[in-house]
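Here is a friendly briefing to keep beside the viewer. Please have the sequence and the model open as you read.

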Amino acid sequence: MFDRGFVVGLILLLVIGSVAAEVYTDLSYGSDPYQKLDLYVPEGDPKPLVVYIHGGGFLWGDKGDETPLYFSGLLNERGYAFASINYRLMEGFPAPTDDVSSAVSWLKDHYEEYGYTKEFAIIGASAGGHLSSFYGTTEGSSVDAVIDISGVTNLYSLAEYCRDHPLGCWDCIYWGCGSVPSQYNNVLDMLLGCNPLESASCEQKALRYSAVGHASSDDPPFLVMHGDADVIVPYYQGLELHEALSNAGGDSTLVIPEGYGHAFTFFYDVNDPYTRTFLGFLTMHLGDSDPCESVGGKCMEQECSEYTDCKPIADGVCNSGYCCLGDCSGGGDGDGDDDGDGDDDGDSDGDGDDDGDSDGDGDDDGDSDDDGDGDKVVHCTCTCKTKEGSVEIEEVSLGEENCLAKCGGVCGGLASCGLADEDCDECCNTFCESTDNSFSGNNDAVARCKQVCKGKCRFNISITDIYKAIMLASIILGALIFAVCGIRFILADDVETKEKSKRCLIYVIAGLIIIGAAVMLVDLIWEPGLISDRPDCVEAGGKCMEKPCSSYDDCTTVSGTCESGYCCTGECTGGGDIEVDVRVDLFTP
């Protein structure tokens, strides 16, 4: 209905036009045509700078796309300068990583000329999330904070996952697609020039260009945000980065937005708790703001304008809610103050903290069964009974229940329902409720299995119907041509016409034979199944570890299968369980 120019113009009008800002476009930070950036600087005193790196699978994307344009207005309104950078696309490492480094260096060198401060944060989404987290762990001393949104953080483990779970990640990454330049097999081949699962040298290169391989205690504070429904870049990539930073003694906050997919869109709602966490993280690390109480305010759940005699305090920060000044009466403060102490600490047990600890064990892990795994990264395995036999599925998630549910979903994707015109509900219910599946007693896992199975079943039926229609049309067309050629052959009076008709009949017969052979071949090979052909870990010279190999000292990955965990070789010392902070309403600007 509307073209892209209209949409971009509308966004600019709505989110940039409301803020007085100087806009500089196509500033060159290098000689390549891709090496350009746009800069949005609010009028007034110099402001901290937020650098944004767009996504696009290293294949497409632009600094002037709708998302960075929206971010420019959102952040300019809140007192930040904003830069959106381009980098070289469809080129291997180190081209894109070098471009990010060059762009940030250029911005550091020109802060006085364009009127922003030397306080920097760097944000990236998807491919940009990879680049922002890589920069933060390799040149982090140059920035004050890093935000990774749905980014790739471990190229090697991503290759493993995409190979073994093709339904759970973007096919261009490992299996290839039409968007990848023809000289490459897939995005990983384009970036690395090799397959990290096929050689030790390529594995090392993959880890060299992964943020998890460089995490240290010197890195700036990280906010890692990754939706648990992401089927482009699996969300355990965010877990791995958080683990690596925490193991190294770094400052990392992990937020898993439940039900959100890839590079989620909640930022378009400024009142969404995840957006407030994002903005609050910037406030805590790029400003000189103080806790709300220290500037004479109090934290309210709703915006200050919702109350009588109540106005916001720009420099006050609340862990939850909005920092306001005044009587702030009416409308209900909604502050969760159940103990009548006049604060909004959400302290239901009267112990003076805001830990949300419902079981009195001193944690806020949301662990309903109190087994200690509710806030930890858990690796689990389950057995799935398919037509080809039993398949061992390995998964990683937050807590045992979530992990088993993900296992159930993967198992549902292995079902062959829909290939023989059977009823999807009946077939998937029978498949997922089978006691041969190790998760059959877990209701969430069975439900996830049915959900995925039925979706794939409907897809299979659609493809089967199309396939049958094409075959039927081909046979009918072949029969018509055969009939026409046969009639011409019978009625022909001259030798030349008979010879042409004869060749026509031969071609039609040959075509029908080829179609029949193709049908037989498709019937033989078109069966769903993701069984890995990797050898057992011990047979491959490794040992199974609970966490990714990069989390340990002197430890590298081996291409072997473990019943649970990761196949590694070396000393593999250090490491340990990492607790994950999954609270979402952490800060409020």
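The notes below go through confidence, disulfides, backbone details and nonpolar cores.

This is a predicted model, in which local features need pLDDT of at least 70, side-chain atom pairs count only at pLDDT 80 or more, and totals for chains, interfaces and linings use all residues. Residues are numbered from 1 along each chain as its sequence is written, and side-chain values use heavy atoms, with hydrogens and water left out.

**Confidence**

- The mean pLDDT of the chain is 78, and 76% of its residues reach 70 or more; pLDDT is the predictor's confidence in each residue, from 0 to 100.
- Confidence is lowest in helix H1 (residues 4-16), with a mean of 42, and highest in H3, at 97. Helices (H or I, at least four residues) and strands (E, at least two) are DSSP runs, numbered from the N terminus.
- Residues 332-375 have a pLDDT below 50, and this stretch has 46 contacts in the model beyond near neighbours in sequence. Contact means heavy atoms within 4.5 Å.
- Residues 576-589 also have a pLDDT below 50, with 61 contacts in the model beyond near neighbours in sequence.

**Disulfides**

- A disulfide here is a pair of cysteine sulfur atoms within 2.5 Å, and by this rule the count comes to eleven disulfides.
- One of them joins Cys-304 to Cys-324, with an S to S distance of 2.0 Å. The torsion about this S-S bond, between Cys-304 and Cys-324, is about -85 degrees, so the disulfide is left-handed. The pair links distant parts of the chain, 20 residues apart: Cys-304 lies in the loop between strand E10 (298-300) and strand E11 (308-312), and Cys-324 in strand E13 (residues 322-329).
- Cys-304 and Cys-324 are both buried. Buried means under 20% relative accessible area, exposed over 50%, and partly exposed in between (1.4 Å probe, protein chains only).
- Cys-310 and Cys-328 form another disulfide, with sulfur atoms 2.1 Å apart. The torsion about the S-S bond of Cys-310 and Cys-328 is about 75 degrees, so this disulfide is right-handed. This pair also links distant parts of the chain, with Cys-310 in strand E11 and Cys-328 in strand E13, 18 residues apart.
- Cys-310 and Cys-328 are buried.
- Cys-162 and Cys-169 are joined by a disulfide as well (S to S 2.2 Å). Cys-162 counts as buried because its relative accessibility is 0%, and Cys-169 counts as buried because its value is 5%.

**Around Pro-234**

- Pro-234 sits in the loop between strand E7 (222-225) and helix H10 (236-247). It counts as buried because its relative accessibility is 2%.
- Which residues does Pro-234 contact, leaving aside its neighbours within four places in sequence? They are Leu-158, Tyr-161, Gly-168, Cys-169 and His-226.
- Pro-234 and Cys-162 are 72 residues apart along the chain, and their C-alpha atoms are separated by 8.9 Å.

**Backbone details**

- Phe-93 and Pro-94 are joined by a cis peptide bond, with omega about 10 degrees. Pro-94 lies in the loop between strand E4 (81-85) and helix H3 (95-109).
- Ser-126 is not a glycine, yet has a positive phi of about 60 degrees. Ser-126 is in the loop between strand E5 (116-125) and helix H5 (127-138), and counts as buried because its relative accessibility is 12%.
- Asp-309, also not a glycine, has a positive phi of about 50 degrees. Asp-309 is placed in strand E11, and is partly exposed because its relative accessible area is 48%.

**Nonpolar cores**

- A nonpolar core is a set of buried Ala, Val, Leu, Ile, Met, Phe, Trp, Tyr and Cys residues joined through side-chain atoms within 4.5 Å.
- The largest nonpolar core has 68 residues, of which Leu-39, Leu-49, Leu-107, Tyr-116 and Ile-122 touch the most other members. Helix H6 (residues 155-164) gives the most to this core, with six residues.
- At least three residues of this core come from each of domain 1 (17-154 + 214-286) and domain 2 (155-209); the domain bounds come from an automatic or database domain assignment.
- Leaving aside neighbours within four places in sequence, Leu-39 has contacts that include Leu-49, Phe-82, Leu-107 and Tyr-116.
- A second, separate core of 26 residues includes Phe-71, Leu-74, Phe-82 and Phe-264.
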